[in-house]
Amino acid sequence: MTDQARVDGVHMRSAMEEAAAARCRTSPNPWVGAVVVADGEVVGAGATSPPGGSHAEVVALAAAGGEARGATLYATLEPCCHTGRTGPCTTAILEAGVGRVVVGIVDPDPEVAGRGLTVLEEAGLDVEVGVEADAIAAQLEPYLHHRRTGRPYVVLKLAATLDGRIAAPDGTSAWITGAEARIDVHRLRAESNAVCVGAGTVRADDPELTVRDWPGAGDAGAHDPRRIVLGVVPEGARVRPAVAHDGSLDDLLDDLGADGVLQLLIEGGADVAGRFHRAGLVDRYVVYLAPAILGGDDGRPLFAGPGGPTMADLRRGRFAAVTALGGDLRLDLVLDG
């Protein structure tokens with residue numbers, strides 16, 4: 001690795017940190033970070049503003065001011081070159097007099113898709129693409145999935161004992177995991193545009209499905225996801241206001257994708273989890289595993305309904321992340337294929 005490549009990696013990771021801080025406020029726009037570097041020093045940094053506000057590149061260039069002339073701009077995602085709610089970022093870059101642009105990944109949005117890079121290159125700028133590409137693709141996975149498929153990225157969240165039970169035989173489940181894991185669930189909700197549960201879970205647990213325990217929640221309800229119930233929403237349920245859905249799961253994903261939902265969180269119960277799993281609609285499984293055992297076969301399992309009949313039907317994958325949360329573990333699983 002050259003010295004320049006090492007320097008580029010350092011500054012792109014700084015841009016990723018800016019993006020991470022904006023994760024819960026930009027949707028349906030991607031959470032992008034940018035930094036401006038002149039003479040080896042960061043002179044401007046920023047992230048995508050809420051919809052209608054400036055994109056990350058413009059925020060960083062504004063912070064840099066006149067020091068942006070001749071500087072290097074690092075952006076996690078390809079700068080846009082079209083007019084939407086805001087003007088083209090490529091125009092702002094050229095007007096600022098930036099000399100070099102380093103981009104993490106190409107934007108698959110049909111409005112961009114390499115055109116932003118072409119505009120900059122044709123204007124004579126030095127453009128490099130692919131710095132920290134894998135890490136940025138992981139950071140922007142819901143956005144990239146939505147742009148490529150037209151559907152939201154589906155995350156299935158489950159909380160279980162070590163022996164794989166999500167509730168006791170009498171149906172009680174509060175609480176399997178500890179406070180740190182529950183706060184992380186609220187953060188996961190804040191990262192999602194919509195959360196889906198079955199009507200049975202609403203009747204049994206009467207959940208609110210808010211982000212109230214997440215420290216970044218801010219104003220009441222500001223980051224709460226859209227709530228969707230598969231079936232009838234009972235009168236007086238705390239999940240209200242909620243949307244009732246009685247069609248197919250495919251129709252649900254198509255409708256949400258068309259409405260700009262980038263990430264859908266499935267929270268249960270076991271029947272809903274089983275339906276999404278068997279249909280092959282889950283993109284990531286997030287299992288909060290507690291160091292606790294119910295010790296029998298009569299507790300509620302992670303999935304209801306028929307599973308694979310033989311070991312040949314076993315679905316394998318990889319642990320994308322394993323995170324300790326207090327006494328619990330968060331396991332992020334992505335299946336092969």
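Biologist: In which strand is Leu 329 placed?
Modeller: The model is predicted: local features need pLDDT of at least 70, side-chain atom pairs count only at pLDDT 80 or more, and totals for chains, interfaces and linings use all residues. Numbering starts from 1 along each chain as its sequence is written, and side-chain values use heavy atoms, leaving out hydrogens and water. Strands (E, at least two residues) and helices (H or I, at least four) are DSSP runs, numbered from the N terminus. Leu 329 belongs to the run of residues 328-335, strand 15.

Biologist: Is Leu 329 buried or exposed, or in between?
Modeller: Buried means under 20% relative accessible area, exposed over 50%, and partly exposed in between (1.4 Å probe, protein chains only). Leu 329 has 36% relative accessibility, so Leu 329 counts as partly exposed.

Biologist: What is the area of the nonpolar surface patch that includes Leu 329?
Modeller: Patch residues have over 30% relative accessible area and no salt bridge; nonpolar side chains (Val, Leu, Ile, Met, Phe, Trp, Tyr) are joined within 5 Å, like charges within 9 Å. Areas come from the Shrake-Rupley method with a 1.4 Å probe, and for residues only the protein chains shown count as cover. Leu 329 makes this patch with Phe 319 and Val 322, and its area is about 300 Å².

Biologist: How many salt bridges does the structure hold?
Modeller: A salt bridge needs a side-chain nitrogen of Lys or Arg within 4 Å of a carboxyl oxygen of Asp or Glu. Some are linked in a network, whose members include Glu 141, Asp 184 and Arg 330. For the structure, the count is 21.

Biologist: Arg 13 and Glu 132 meet in a salt bridge; how many residues apart in sequence are the parts tied together?
Modeller: The two side chains come to 2.7 Å, N to O. Arg 13 lies in helix 1, while Glu 132 is in the loop between strand 5 (126-129) and helix 5 (133-139), so the pair ties together parts with a sequence separation of 119 residues.

Biologist: Which residue forms a salt bridge with Arg 151?
Modeller: The closest N and O atoms are 2.9 Å apart in the bridge between Arg 151 and Asp 250. This pair links distant parts of the chain, 99 residues apart: Arg 151 is in the loop between helix 6 (141-149) and strand 6, and helix 9 (residues 249-258) holds Asp 250.

Biologist: Which side chain makes a polar contact with the side chain of Thr 161?
Modeller: Thr 161 is in the loop between strand 6 (153-160) and strand 7 (165-167), and is buried at 5%. A polar contact is a pair of N or O atoms within 3.5 Å; within protein, one must be able to donate a hydrogen and the other to accept it, and residues adjacent in sequence count only if both atoms are side-chain atoms. At 2.5 Å, the partner side chain is that of Asp 163.

Biologist: Which residue has its backbone oxygen 3.3 Å from a polar side-chain atom of Thr 48?
Modeller: Thr 48 is buried at 3% relative accessibility. Contact means heavy atoms within 4.5 Å; beyond four places in sequence, Thr 48 is in contact with residues including Trp 31 and His 55. The backbone oxygen at 3.3 Å belongs to Pro 30.

Biologist: What is omega for the cis peptide bond from Ser 27 to Pro 28?
Modeller: Pro 28 lies in the loop between helix 1 (3-21) and strand 1 (33-38). For the cis bond that joins Ser 27 to Pro 28, omega is near 10 degrees.
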